[in-house]
Amino acid sequence: MTRVRLAVAISLSVWALSACAIHVGGQAIPGPMPSTASADAPTLPKAGQCMNAYELKVLQCTESHEAEVMSVGELKGLPSTYPDTQTLRKAALPPCRATLTEYLGNPDADATRLRVWAFWPNEQGWKDGQRWRLCTVVEISSDEKPLARKGSMKGALGGNGFTTFQTCTQGSPSKDQEVKVVACNTSHLAEAVPGGVVSLGKYTDPAPSKDQINAIADEKCTKAVHDYLGSSKRTDVFPAWRNPGSQAWSEGFTNAICYAESTKAFNGTLFGIRDNPLPN
């Protein structure tokens with residue numbers, strides 16, 4: 001059975017460091033690979049229905065499941081021969097990501113553990129003329145695998161939903177090529193901040209230069225982090241951001257993600273910490 005790759009919003013590499021702000025970027029790396037299937041479009045799960053992350057069988061959203069369908073569409077402009085994985089990713093992921101903000105009810109999805117998980121036909125289905133695209137959303141665990149959950153994700157980031165799914169990292173967003181996502185109520189080094197998903201342009205446009213990205217991210221991430229902390233005076237917590245590389249850009253990952261990063265690991269949250277000691 002053919003497999004596809006999940007786009008990962010965070011796994012990037014370091015560009016450069018400076019004393020006052022951290023500039024990071026790099027290339028997206030492969031994430032978990034949900035399997036595709038041969039299926040006629042009318043039999044596919046519909047938007048709002050739930051399923052597991054490795055099969056197209058409809059499950060009740062009130063029962064345990066891993067993925068929720070955000071939209072179903074069609075892949076257009078591709079060759080009659082089965083495309084390579086990179087071509088399929090570039091065709092499927094941008095429209096899937098475009099539905100994420102509206103479906104979840106918040107533009108900060110990339111700063112959370114919620115990810116796009118895209119499906120398309122396998123090679124036999126492609127030969128049969130199938131061109132469907134299935135866009136789902138999953139919550140990922142620390143090992144980048146989908147978590148089982150109950151209930152719908154629609155509007156999940158509205159209200160106070162961001163804190164439920166907020167990205168916290170065990171490692172350093174500013175220094176580590178890859179960062180491990182951990183639960184925010186465990187020991188961690190950094191927290192993605194609300195209002196810290198910085199749009200850098202459209203994936204159909206040329207990717208900005210490193211200097212252009214860093215100029216935009218520096219201003220916006222510094223403000224977002226200081227607002228999150230309630231202070232601009234701390235020296236043990238600083239703004240950091242992670243930028244998309246060229247591969248990620250072509251797949252619709254056109255945001256910089258802002259983090260409040262500490263100089264040492266802590267428990268608890270940095271939100272509203274002001275000038276108080278780091279939580280233990």
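**Exercise 1. Which helices and strands each supply at least two residues of the lining of the largest pocket?**

Before we start, a heads-up: this is a predicted model.

Step 1. Sort the lining by element. The ones that each give at least two residues are α1 (85-98), α2 (100-104) and β9 (188-199). Helix α1 has the largest share, with four residues.

**Exercise 2. Work out what kind of aromatic pair tyrosine 54 and tryptophan 117 form, and where the two residues sit.**

Step 1. Start with the whole structure, where a search turns up three aromatic pairs.

Step 2. Check the geometry of this one.

Step 3. Tyrosine 54 is in the loop between β3 (50-51) and β4 (67-74), while tryptophan 117 belongs to strand β5 (residues 114-119), so the pair links parts of the chain 63 residues apart.

Step 4. Compare their surroundings. Tyrosine 54 is partly exposed, at 36% relative accessible area, whereas tryptophan 117 is buried, at 0%.

**Exercise 3. Now classify the pair of tyrosine 228 and phenylalanine 271, and say whether each residue is buried or exposed.**

Step 1. Here the ring centres are 5.4 Å apart and the planes are at 50 degrees, so the pair is tilted.

Step 2. Tyrosine 228 lies in helix α5 (residues 210-229) and phenylalanine 271 in the segment after β11 (255-266), so this pair ties together parts 43 residues apart in sequence.

Step 3. Tyrosine 228 counts as buried because its relative accessibility is 5%. Phenylalanine 271, at 56%, counts as exposed.

**Exercise 4. Describe helix α5: its span, its kink, its buried residues and what follows it.**

Step 1. Take the span. The 20 residues of α5 reach 27 Å from first C-alpha to last, close to the expected 28 Å.

Step 2. Find the bend. A kink of about 25 degrees is centred on alanine 217.

Step 3. List the buried residues. They are Ile213, Asn214, Ala217, Cys221, Ala224, Val225, Tyr228 and Leu229. To read that list, remember that an α-helix has 3.6 residues a turn, so residues three or four places apart point the same way.

Step 4. Go past the end. Glycine 230 follows α5, and its phi is positive, near 80 degrees.

Notes
Residues are numbered from 1 along each chain as its sequence is written. This is a predicted model: local features need pLDDT of at least 70, side-chain atom pairs count only at pLDDT 80 or more; totals for chains, interfaces and linings use all residues. Side-chain values use heavy atoms; hydrogens and water are left out. Rings of Phe, Tyr and Trp (its six-membered ring) pair if their centres lie within 6.5 Å; planes under 30 degrees apart count as stacked, over 60 as edge-to-face and the rest as tilted. Buried means under 20% relative accessible area, exposed over 50%, partly exposed in between (1.4 Å probe, protein chains only). The expected span of a helix is 1.5 Å times one less than its number of residues. The bend at a residue is the angle between axes fitted to the seven residues ending there and the seven starting there.
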